Amino acid sequence: MYITKYWGNFIGGTDDSLTLAELLAEMKKEEISVSEILAAFEMDKLNGDFRDPGICIERTDAAGWQVLIYYAIDLISDLAALMLECKMSGYVDLQEIDSDLEEGGRVRITASEEDNALINRTLADFAENPTAYDLKEMMTPEDLQTLANLCGQIREELYG
């Protein structure tokens, strides 16, 4: 997996990461757009403001359970890493990102121009202003800066 250098601790290592992986598996599609993913969590209603949404980001899964995304930037950074995996490998193997998934498979995440602009802009903003995001409540300043640096690196690889 190309994104191994990113995936597993700050990116891909949170409860939000598992929630994203579960959504992708539950959708049972070979190709899923960034817009579909954001809409599934109603993050499309945030109008690109992922700093401190002030609302609970949630969805109801196939079993009827409410699942939460605790920090919008977690989902965006994970999604960007998965987009990079698709750019480099053509797809994401869901079993590689979450070995506990009962159903796996390969998924290709696609992005429109608008989706790419949103992800690019959000990664750039977080890389430059990590303390403006609500995630600062849960991380040390050093760890927050490490995550911001990783997001900057992913952004560079995705968008040059």
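Trainee: At what angle do α1 and α3 pack, and how far apart are their axes?

Mentor: In this predicted model, α1 and α3 pack at an angle of about 55 degrees, with 9 Å between their axes.

Trainee: Why are α1 and α3 called oblique to each other?

Mentor: Angles under 35 degrees count as roughly parallel, and those from 65 to 115 as roughly perpendicular. The angle here is about 55 degrees, and therefore α1 and α3 are oblique to each other. Their crossing is right-handed.

Trainee: Which residues meet where α1 and α3 pack?

Mentor: From α1, Asp 16, Ser 17, Leu 20 and Leu 24 meet Asp 74, Leu 75, Asp 78, Leu 79 and Leu 82 of α3. Leu 82 is also one of the residues that touch the most other members of the largest nonpolar core, which has 52 residues. To this core α3 gives the most, with 11 residues.

Trainee: Which residues is Leu 82 in contact with, leaving aside neighbours within four places in sequence?

Mentor: Among them are Ile 3, Trp 7, Val 92 and Ile 109.

Trainee: What makes β2 and β3 a pair of strands?

Mentor: Two strands pair if at least two bridges are found between them. Four bridges join β2 (residues 57–60) to β3, so the two strands pair, and they run antiparallel. Thr 60, for instance, has Gln 66 as its bridge partner in β3.

Terms used
Residues numbered from 1 in each chain as written. Predicted model: local features only at pLDDT ≥ 70, side-chain atom pairs only at ≥ 80, totals over all residues. Heavy atoms only, no water. Core = buried A, V, L, I, M, F, W, Y, C linked by side-chain atoms within 4.5 Å. Buried < 20%, exposed > 50% of the residue type's maximum accessible area, 1.4 Å probe, protein only. Contact = heavy atoms within 4.5 Å. Axes fitted to C-alpha atoms, helices over the stretch in contact; angles between N-to-C directions. Parallel < 35°, antiparallel > 145°, perpendicular 65-115°, else oblique. Left-handed = near helix turned anticlockwise from the far one by under 90°.
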